[in-house]
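Keep the sequence and the 3D view open side by side. We will walk through the structure one site at a time.

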Amino acid sequence: MEKDAPHILLINPWIHDFAAYDFWAKPLGLLGIAAILGTHGYTITYIDCLDRFHPKLTERQKTGEFGKGHYLKSPIPKPATLPDVARTYSRYGIPETLVRESLKKNPKPDVVLVTSLMTYWYPGVLAFIKILHEMMPDVPVLLGGIYATLCHDHAVKHAGADQVLGGTDEAKLLDLLDRMTGFGTRRQFVPNDLDTYPYPAFDLQHAISYIPILTGRGCPFRCAYCASGFLNSRFTRRSPDHVIEEIVYWHEKHSVKDFAFYDDALLIDGDHHIMPILEGVIRRGISVRFHTPNALHIRPITKEIAELLFRAGFETIRLGLETAFFDHRKTLDSKVGPTEFERAVRLLKKAGFQEGQMGAYLLFGLPGQDLEELKASIKIVKGYGVRPVLAQYSPIPHTTLWKDAVTASRYDLASDPLFHNNSIFPCQKEPFSWEKVALLKRLTQ
Ligand code: SF4
């Protein structure tokens, strides 16, 4: 007798933080898994705690430029370990009553998959898992995602999940679910060939205000402050045609206008990757807007790439400059050299980009950072007519800079991921001044 399709419930949990905003942020990995499970015959349901389009929410959550927008925000008590942070701590996302309603309304799942993003957002994950155990105590809960990968031991000890899964191995997860449910599936994709993966299941959402696009995984660089190499040890890519077809699919089938590239290394090997992708988009004649919340590498920007970015409809350009000083930079990264920023900005302007469309990320809050140097970097970036965007440093386990971060912090970073929160500038020693932070932020305006 053929077994009924098992039911897997997927959860994107709340964010607990001092600040959060939907800057084109979607749980791409979880929705990718949803699509894979769907194509393998599983029944899928999805609860998105960060749903800005839940039918029972007011209009305020729905507005925003280029599909971005505010989450619903409910103040909650601040963690007792952060008494020095004079800011309101909140739960971002839909009310708990709506979550409980959905859990009651849906048929009981066989397994629940919960994702996790920033390490310091784990309290939102734990809160959700607690509700799951209360409402469906006999259903196994699997926790994956970034927090589960970077802070695996912490998650095993504190999250309350039945299993904590690290990394991004969809084939392993499918095998595990097959074993747990007794559902035998025949693999419909080739693990190392991203072109064989289905498009992430964005259509599980109540509305699609933008689409995140990932054209490849990983990055060939190993910057000291970044966990890309730990999260994806290999640099793998989809073919340009597969990417073009996905963009056209969401645009034509779901009228999506805004696309945010999530790649860590979108422009690397441009002749074989971004150039054919953009040529394809232009050839298809679709009118869309592209955004790059993950920084673009500066070095690969050529005249041809700058022109294609403009013609294809790039609207928001963010460049990974990090600092305008190069004297001690080798210990941090090697992705950009002294004259390359100026050259890239010149090419982008010549291609047609306006000053308001271009921003350059500058790292703020690095261990031992000279804030005068940061001030000077802000001035230099502004001088080129580019908006300085402060990227507040979050210390990340398994990165080269982690040890220095632990030494520099006024908190015991290793004891609790809450201390990784970039809103609290964890690597600034006492006396730490919020006025100084406010002044630097004002300088970027
Ligand atoms: S910061 Fe950017 S270039 Fe450096 S490793 Fe991370 S993704 Fe790659």
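Start at G285, the residue that follows helix α9. Its phi is positive, near 70 degrees. Keep in mind that this is a predicted model.

Now step back into the helix. α9 covers residues 274–284. Its buried residues are I274, M275, I277, L278, G280 and V281. What do the buried residues of α9 pack against? Two of the partners are helices, α8 (240–254) and α10 (303–312). Strands β13 and β14 (314–322) are partners as well.

Is H291 buried or exposed? Its relative accessibility is 0%, so H291 counts as buried; the cut-off for buried is under 20%. Leave aside the neighbours within four places in sequence, and H291 still has a set of contacts. D258, F259, A260 and F261 are among them. These four residues fall in the range of β12 (258–261). H291 also touches W24, F66, E315 and T316.

S255 is not a glycine, yet its phi is positive, near 55 degrees. S255 counts as exposed because its relative accessibility is 63%, and exposed means over 50%.

F425 also has a positive phi, about 45 degrees, although it is not a glycine. F425 is found in the loop between α13 (402–408) and α14 (434–443). Its relative accessibility is 1%, so F425 counts as buried.

Turn to a pair of helices. Two packed helices are described by the angle between their axes and the distance between the axes. Helix α1 (residues 28–39) packs with helix α6 (residues 170–181) at about 50 degrees. Their axes are 11 Å apart. That angle makes α1 oblique to α6. The crossing is right-handed. Which residues meet there? α1 brings I33, I36 and L37. α6 brings E170, L173, L174 and L177. By class, the contact of α1 with α6 has 6 nonpolar residues, no polar ones and 1 charged.

Finish at the ligand. Its surrounding residues are C219, F221, C223, Y225, C226, S228, D264, H297 and K335. How does this shell divide by class? It holds 5 nonpolar, 2 polar and 2 charged residues.

Key. Residues numbered from 1 in each chain as written. Predicted model: local features only at pLDDT ≥ 70, side-chain atom pairs only at ≥ 80, totals over all residues. Heavy atoms only, no water. Near = heavy atom within 4 Å. Nonpolar A, V, L, I, M, F, W, Y, C, P; charged D, E, K, R; others polar. Buried < 20%, exposed > 50% of the residue type's maximum accessible area, 1.4 Å probe, protein only. Contact = heavy atoms within 4.5 Å. Axes fitted to C-alpha atoms, helices over the stretch in contact; angles between N-to-C directions. Parallel < 35°, antiparallel > 145°, perpendicular 65-115°, else oblique. Left-handed = near helix turned anticlockwise from the far one by under 90°.
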